[in-house]
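Take a look at the chain below.

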Amino acid sequence: LVYGFDMEAYVCGDVRAISDENGASEWSTGACANAGVEGPSCTEGDANNDTHVNVSDIVNIVNLILSGGTSVDDAIAAGLTACSDYNADGNVNVSDIVNIVNLILSGEAPLSSPATSSTLINKDGNVSLTANGTVDAVQMTLNHGEDFAIELTEDAMVAEYKNHGEKTILVIVVPEGEHLFTAEGDFTISEVIVANMNGNIDVVMDIPTEFSVSDAYPNPFNPVTNLNLTLPSEVMVDVRVYSVTGQVVDVITSRTMAAGYHTLAWDAADLSSGMYFIRTEAGENVSTQKVMLLK
């Protein structure tokens, strides 16, 4: 019995045993409850309060995260229990999912040792994660325009995303390979959490060392063609389309873009068939290529 808190205050505690002969035990998993209630009202990880901890709880927490929920209060407001916060740190995120995954899988031999570092690679819209051990969950926030589309890996226990206008939140639980998702349209990764049973893992973003622009594909095309752009540093990027007479007929993008790999799409549905030139300018780098629109 722990007391001394304001009535209905949400409180979490850890416990360990100490003996003269054996020293101190490991700390227990945090137990949480509202002050004034005798003991926790649920089992850690039992998000839906059905007295079982299983993949249904993971799915409920994933949906909470995708909706923008980040706290115990958000979980309760969504009809879940305070025990969604498995590790009792006040936040509801993939770290809690990882603990539930390992509870569900307890007794099964791990595939390899838990990872301590990872590298996130975004190459031409194909995003993958390499690590020096096991990764149990990935949570990511992407910022993008209206022309954005995404397809998550199917090789995972759970893989879900939700779009919030020009922002998309995704959660992938127990990915079985390095590939995470494929995306169309330009996007940037504004937040990423990679976790396993030991906690959050350091993530390094793979950054290209040289500027390059791929050949447009498909070419000839009708009415959309794409080009891949790699930027070694943040820079102002201006991509314009010219007619054979030298007139600007469209601006694909004109804005500052982050270092990394980007895919740009040009929709020429409003133009007539013919030859056009795409000119890409990024700082001091300039590239021009010829494309053919066939309708």
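Two strands count as paired if DSSP finds at least two bridges between them. Keep that in mind for what follows, and remember that this model is predicted.

Three strands make it up, in the order β15-β16-β19. The sheet is open, and its pairing is antiparallel. Its edge strands are β15 (212-213) and β19 (260-267), and each of them pairs on one side only. Strand β16 covers residues 224-231 and joins β19 through eight bridges. Pick out one of these contacts: Thr230 has Tyr261 in β19 as its bridge partner. What holds such strands together? Strands of a sheet pair through backbone hydrogen bonds, either parallel or antiparallel.

The bond joining Asn219 and Pro220 has an omega of about 5°. The bond from Asn222 to Pro223 has an omega near -10°.

Move along the chain to the next pair of strands. Strand β20 (residues 274-282) and strand β21 (residues 285-293) run antiparallel, with nine bridges between them. Met275 has Met292 in β21 as its bridge partner. The two strands form a hairpin, and two residues lie between them.

Thr51 has a phi near 75°. This residue lies in the loop between β4 (31-34) and α1 (55-66). Is Thr51 buried or exposed? Thr51 is exposed, because its relative accessibility is 64% and the cut-off for exposed is over 50%. Val174 also has a positive phi, of about 50°. Val174 belongs to strand β10, residues 167-175.

Next come the charges. Side chains of opposite charge can pair when their charged atoms come close. How many salt bridges does a search of the whole structure find? The search finds two. In one, Arg240 meets Asp238, with 2.6 Å from N to O. Arg240 is partly exposed, at 27% relative accessible area. Asp238 counts as buried, because its 15% relative accessibility falls under the 20% limit. In the other salt bridge, Arg279 pairs with Glu281, and the closest N and O atoms are 2.9 Å apart. Here both partners are partly exposed: Arg279 has a relative accessible area of 30%, and Glu281 has 29%.

Other charges gather on the surface. Glu151, Glu154, Asp155, Glu176 and Glu184 form a negative patch. Take Glu154 as an example. Its place is in the loop between β8 (149-152) and β9 (156-164). Glu154 is exposed, with 73% relative accessible area.

The surface has a nonpolar patch as well. Val55, Val59 and Met157 make this patch, which covers about 200 Å². Met157 lies in strand β9. At 34% relative accessibility, Met157 counts as partly exposed.

Finish with a distance across the model. Asp73 is found in helix α2, residues 72-77. Asp73 is exposed, with a relative accessible area of 59%. Now find Met275 again, the bridge partner of Met292. How far apart are the C-alpha atoms of Asp73 and Met275? They are separated by 58 Å, and the two residues are 202 residues apart along the chain.

Conventions: Residues numbered from 1 in each chain as written. Predicted model: local features only at pLDDT ≥ 70, side-chain atom pairs only at ≥ 80, totals over all residues. Heavy atoms only, no water. Helix = DSSP H or I, 4+ residues; strand = E, 2+ residues; numbered from the N terminus. Patch = residues over 30% accessible without salt bridge, like charges linked within 9 Å, V, L, I, M, F, W, Y side chains within 5 Å. Areas by Shrake-Rupley, 256 points an atom, 1.4 Å probe, with all protein chains shown as cover. Salt bridge = Lys/Arg side-chain N within 4 Å of Asp/Glu carboxyl O. Lys, Arg positive; Asp, Glu negative; His and termini not counted. Charge placed at Lys NZ, Arg CZ, Asp CG, Glu CD. Buried < 20%, exposed > 50% of the residue type's maximum accessible area, 1.4 Å probe, protein only.
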